[in-house]
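Here is a brisk report on a single protein chain. Keep the structure open while reading.

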Amino acid sequence: MALHLIKLCVGCDSPEDLEAWIAMRLEEKRRRGEPVEHFHTTRMMPKRMAELTDGGSLYWVVKGMVQCRQPLLDIRPFTDGEGISRCRLVLDRQVVRTEWQPKRPFQGWRYLKPEDAPLDIRSGERADEMPDHLRRELTELGLL
């Protein structure tokens, strides 16, 4: 069974912001002639790599709510120029919207069991016209 990671999405106010940032970074790589792949670099190396790369995802906490995820394709350890061990979480470019789930701030990433992960929202299933502040309040009250 797949295992997931969860992490705060610092600097993005919405999944749309995350998608725009990914598109910009991929375009920069394309222009520089680098491999066009999306990854997130982290200092801590997950120990349960086989479970994570067997269908796992990185769930993003945006503004205090889990709002989306990206399928995890690979985990690549490396040593940076200063001799510090790091790893790249290679992610699918697609950002999948999930049901909103409140999450308190934390540092780094955490493992997320499949039974604790929010469900995906299928296209057309959610009322996208609902303002984020209202969706946040209703979710915090347990009404969504």
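A nonpolar core is a set of buried Ala, Val, Leu, Ile, Met, Phe, Trp, Tyr and Cys residues joined through side-chain atoms within 4.5 Å. Buried here means under 20% relative accessible area. The model is a predicted one.

The largest nonpolar core has 19 residues. Leu-5, Leu-18, Trp-60, Leu-72 and Leu-89 touch the most other members. Helix 1 (15–32), strand 3 (57–62), strand 4 (65–79) and strand 5 (85–91) each supply at least two residues of this core. A second, separate core has 7 residues, including Val-61, Phe-106, Leu-112 and Ala-117.

Leu-5 deserves a look of its own. Leaving aside residues up to four places away in sequence, Leu-5 touches Leu-52, Ser-57, Leu-58, Tyr-59, Leu-72, Leu-89, Trp-109, Arg-110, Tyr-111 and Leu-112. Leu-72 and Leu-89 on that list are also among the core residues that touch the most other members.

## Overall build

The protein has 3 helices and 7 strands. From the N terminus on, the elements run β-α-β-α-β-β-β-β-β-α. Buried residues make up 38% of the 144 residues.

Among contacts between residues at least 6 apart in sequence, 68% join residues at least 24 apart. The accessible surface comes to about 8,800 Å². Carbon and sulfur atoms account for 50% of that surface.

## Strand pairing

Which strands pair with strand 5? Strand 2 (residues 38–42) is one of them: 5 bridges join strand 2 to strand 5, and the two run antiparallel. In this pairing, Thr-41 stands opposite Arg-88 of strand 5.

Strand 4 also pairs with strand 5 in the antiparallel sense, over 7 bridges. Here Leu-72 has Leu-91 of strand 5 as its bridge partner. The hairpin of strand 4 and strand 5 has 5 residues between the strands. In that hairpin, Gly-83 takes a positive phi near 80 degrees.

## Leu-8 in strand 1

Leu-8 lies in strand 1 (residues 4–8).

Leu-8 touches Trp-60, Val-61, Pro-105 and Phe-106, not counting residues up to four places away in sequence. Val-61 and Phe-106 belong to the second core, while Trp-60 belongs to the largest one. Leu-8 and Gly-108 are 100 residues apart in sequence. In space they are 7.7 Å apart, C-alpha to C-alpha.

## Cysteines

How many disulfides does the model have? The count comes to 0. Cys-12 is in no disulfide, and the nearest cysteine sulfur, that of Cys-9, is 3.8 Å away.

Cys-12 counts as buried because its relative accessibility is 10%. Cys-87 is buried too, with a relative accessible area of 0%.

## Salt bridges

Side chains of opposite charge can pair when their charged atoms come close. The model has 11 salt bridges.

Asp-13 forms a salt bridge with Lys-63, with the closest N and O atoms 3.1 Å apart. Asp-13 lies in the loop between strand 1 and helix 1, and Lys-63 in the loop between strand 3 and strand 4, so the pair ties together parts that are 50 residues apart in sequence. Asp-13 is partly exposed at 46% relative accessible area. Lys-63 is partly exposed at 48%.

Glu-37 forms a salt bridge with Arg-76, the closest N and O atoms being 2.6 Å apart. This pair also links distant parts of the chain: Glu-37 is in the loop between helix 1 and strand 2, Arg-76 is in strand 4, and they sit 39 residues apart. Glu-37 is partly exposed, at 22% relative accessible area. Arg-76 is partly exposed as well, at 32%.

Glu-51 and Arg-48 meet through their side chains in a salt bridge of 2.8 Å, N to O. Glu-51 is partly exposed at 30%, and Arg-48 is partly exposed at 37%. Elsewhere, Glu-16, Glu-19 and Arg-97 are linked in a network of salt bridges.

How values were computed:
Residues are numbered from 1 along each chain as its sequence is written. This is a predicted model: local features need pLDDT of at least 70, side-chain atom pairs count only at pLDDT 80 or more; totals for chains, interfaces and linings use all residues. Side-chain values use heavy atoms; hydrogens and water are left out. A disulfide is a pair of cysteine sulfur atoms within 2.5 Å. Buried means under 20% relative accessible area, exposed over 50%, partly exposed in between (1.4 Å probe, protein chains only). Helices (H or I, at least four residues) and strands (E, at least two) are DSSP runs, numbered from the N terminus. Contact means heavy atoms within 4.5 Å. Two strands pair if DSSP finds at least two bridges between them. Accessible areas come from the Shrake-Rupley method with a 1.4 Å probe; for residues, only the protein chains shown count as cover. A salt bridge is a side-chain nitrogen of Lys or Arg within 4 Å of a carboxyl oxygen of Asp or Glu.
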